[in-house]
Amino acid sequence: MNKKALTITLATGLVLSPMSFSVDAAKPAPNEQSDHAFDNKVIKKISSENMYNNIALLSKQPRAGGTEGEYKAVQYIKSEFERYGYKTELQPFTIQEWDGGDSSISLNEQVFPGDVHTFEGSINDHVTGSLFYVGLGSKDEVGDEVAGKIALIERGTYSFYEKIQNVYDKGAIGVIMFNGEGRSGNSFGYTYEGQDIPAVAITREAGLQLVEQLNNEDVKGTVSVENAGTIDKTSYNVIGKKEPHPNKDNGQIVSIGAHHDSVPNGPGANDDASGVAATLELARIMAKTPTDTELRFVTFGAEEKGLVGSYHYADSLTDDEIESTVAHFQMDMVGSRDAGELIMFTPDGNKNLVTDLGASAGARISGAVDYGELGRSDHVPFFLKGIPAALFIHAPLEPWYHSPDDTIDKISKEKLQNVAEIVGAAVYQIARPDTPALENARVAPNPADYVFDDRPL
Ligand code: BES
Ligand code: ZN
């Protein structure tokens, strides 16, 4: 390591002032050993056991935004922040959820016995007409004969949008789509703005049987969709705030976050109970550690529904708060035993203050951490507000991503420990009272060399 480096030039172009590692002159000058000592105040206290236990608790059930499972997680996270001594805020926001209502089909006046699923976005209507099979529903397959009829379509090859648009343009009055080759169930399908015909889905088996029946006879069908539409649900962000030391307040804010919601069909142990557990652990430790910077620990709701919680949080910031927020660290999927190495993603693929701090902490703790380009998580709304932000994640991803198998048994305590140490050390580097952030900072033992990496996900 280069012990002579006296300044650190950040990717932001800011040059931080000469290093001086301690307010206490009796402490040793920087050297290889004290590099680690620089971080010990924080990283020695990190307990992977605590994080693991929190993941076990949070991943007992799915936590999709707006559900009871999310609400339980929210209450738990809030109570943990409070136990550590933080003031907390629950930030509610509305999300819209699709409800398929009641859909049914009848064929030649007999109620279709199979399960009928409403396409997301379908209008409510009740239509009756001859059934007409149009294959995969491509432009070439759909002719004028479908006008005034109910189109029977096979799923596959073309998008839902194209298929429905093609039959709609030719005057079809409704759609029954059956599942594609190799696919089970009937839970699929979207219609889009302006595609004003009722559309429903049935299984492949039921669909093929209908095709067979149509080869032998005319079938008169009814498609009915009732009570379908969007309903409002409430999701939450949970915020724990740590005020800076009153005599040392430099007016800056650093936020550390993760999303607490999961996909509906999985327990989300790694995605992202792991990030929540790491956020809680850093909050626990920092509660007793004086800083010159305000720290905000935030867990976001409804990330999986389109980063809804983090957009809401970023939009709730005043101009002053945006100006003062110098860094956002996002941890998402940070504990899988089956995923690759740690990487820091920014939405534009450029380095920033957060990646500089992360790379520097990584180099001190366990070795180089590279950076790459990716959105897809809650760092995006911060980035769009001009706040330096990065996503800490392991890549390539584990095969259990977004599946019911994203469970606690696949969580690695070593991975959790490593990420929490790196992010904790990076946050402490900028927030410690003897290193006012940015221009006044006396920072890293050494600027780190780190490179762009476009490894696959
Ligand atoms: N943890 C993932 C983000 C992710 C996935 C990062 C794969 C890197 C690789 C996150 O929870 C997620 O699934 N996000 C959504 C994006 C969102 C806008 C709905 C996604 O990527 O589908
Ligand atoms: Zn995630």
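**Figure 1. The shell around ligand 1 has seven nonpolar, three polar and five charged residues.** Welcome to the first close-up of this predicted model. In total, 15 residues surround ligand 1. The closest of these are Glu303, Asp332, Arg376, Tyr401 and His402.

**Figure 2. Side chains of Arg376, Glu304 and Asp271 approach oxygen atoms of ligand 1.** Let us start with Arg376: an N or O atom of the Arg376 side chain is 2.5 Å from an oxygen atom of the ligand. For Glu304, the corresponding distance between a side-chain N or O atom and a ligand oxygen is 3.0 Å. For Asp271, the distance from a side-chain N or O atom to an oxygen atom of ligand 1 is 3.2 Å. How much of the 510 Å² that ligand 1 exposes when taken alone does the protein bury? The protein buries 83% of that area.

**Figure 3. Glu97, Lys233 and Lys305 are linked in a network of salt bridges.** Glu97 belongs to strand β3, which spans residues 87-99, and with a relative accessible area of 17% Glu97 is buried. One salt bridge joins the side chains of Glu97 and Lys233, with 3.1 Å from N to O. Lys233 sits in strand β12 (residues 229-242), and this pair links distant parts of the chain, 136 residues apart. Lys233 is partly exposed, at 27% relative accessibility. The side chain of Glu97 also meets that of Lys305 in a salt bridge, with 3.2 Å from N to O. Lys305 is found in the loop between β14 (294-300) and α7 (308-316), and 208 residues separate Lys305 from Glu97. The relative accessible area of Lys305 is 34%, so Lys305 is partly exposed. Across the whole model, the structure holds 17 salt bridges.

**Figure 4. A salt bridge joins the side chains of Glu154 and Arg204.** The N to O distance in this pair is 3.1 Å.

**Figure 5. Arg155 and Met177 are 6.4 Å apart in space, C-alpha to C-alpha.** In sequence, Arg155 and Met177 are 22 residues apart. Arg155 is placed in the loop between β8 and α4 (160-169). With a relative accessibility of 17%, Arg155 counts as buried.

**Figure 6. Tyr161, Tyr190 and Tyr192 form a nonpolar patch on the surface.** Now for a look at the outside of the protein. Together, Tyr161, Tyr190 and Tyr192 have about 320 Å² of accessible area. One of them, Tyr192, lies in the loop between β9 (174-178) and β10 (199-202). Tyr192 counts as partly exposed, at 42% relative accessibility.

**Figure 7. Cis peptide bonds join Asp271 to Asp272 and Ala395 to Pro396.** These bonds deserve a moment of your attention, because most peptide bonds are trans. Between Asp271 and Asp272, omega is about 5 degrees. Asp272 is part of helix α6, residues 269-286. Between Ala395 and Pro396, omega is about -5 degrees. Pro396 is located in the loop between β18 (389-395) and α11 (413-431).

**Figure 8. Ala302 and Met333 have positive phi values.** Both are worth a look, because most residues other than glycine have a negative phi. Ala302 has a phi of about 55 degrees. This residue, Ala302, lies in the loop between β14 and α7. Is Ala302 buried or exposed? Ala302 is buried, with 0% relative accessibility. For Met333, phi is near 65 degrees. Met333 is located in the loop between β15 (325-331) and β16 (341-346). At 5% relative accessibility, Met333 counts as buried.

Notes
Residues are numbered from 1 along each chain as its sequence is written. Chains are lettered from A and ligands numbered from 1 in the order in which they are written. This is a predicted model: local features need pLDDT of at least 70, side-chain atom pairs count only at pLDDT 80 or more; totals for chains, interfaces and linings use all residues. Side-chain values use heavy atoms; hydrogens and water are left out. A residue is near a molecule or strand if one of its heavy atoms lies within 4 Å of it. A polar contact is a pair of N or O atoms within 3.5 Å; within protein, one must be able to donate a hydrogen and the other to accept it, and residues adjacent in sequence count only if both atoms are side-chain atoms. Accessible areas come from the Shrake-Rupley method with a 1.4 Å probe; for residues, only the protein chains shown count as cover. Ala, Val, Leu, Ile, Met, Phe, Trp, Tyr, Cys and Pro count as nonpolar, Asp, Glu, Lys and Arg as charged, and the others, Gly among them, as polar. A salt bridge is a side-chain nitrogen of Lys or Arg within 4 Å of a carboxyl oxygen of Asp or Glu. Helices (H or I, at least four residues) and strands (E, at least two) are DSSP runs, numbered from the N terminus. Buried means under 20% relative accessible area, exposed over 50%, partly exposed in between (1.4 Å probe, protein chains only). Patches are made of residues with over 30% relative accessible area and no salt bridge: like charges are joined within 9 Å, nonpolar side chains (Val, Leu, Ile, Met, Phe, Trp, Tyr) within 5 Å.
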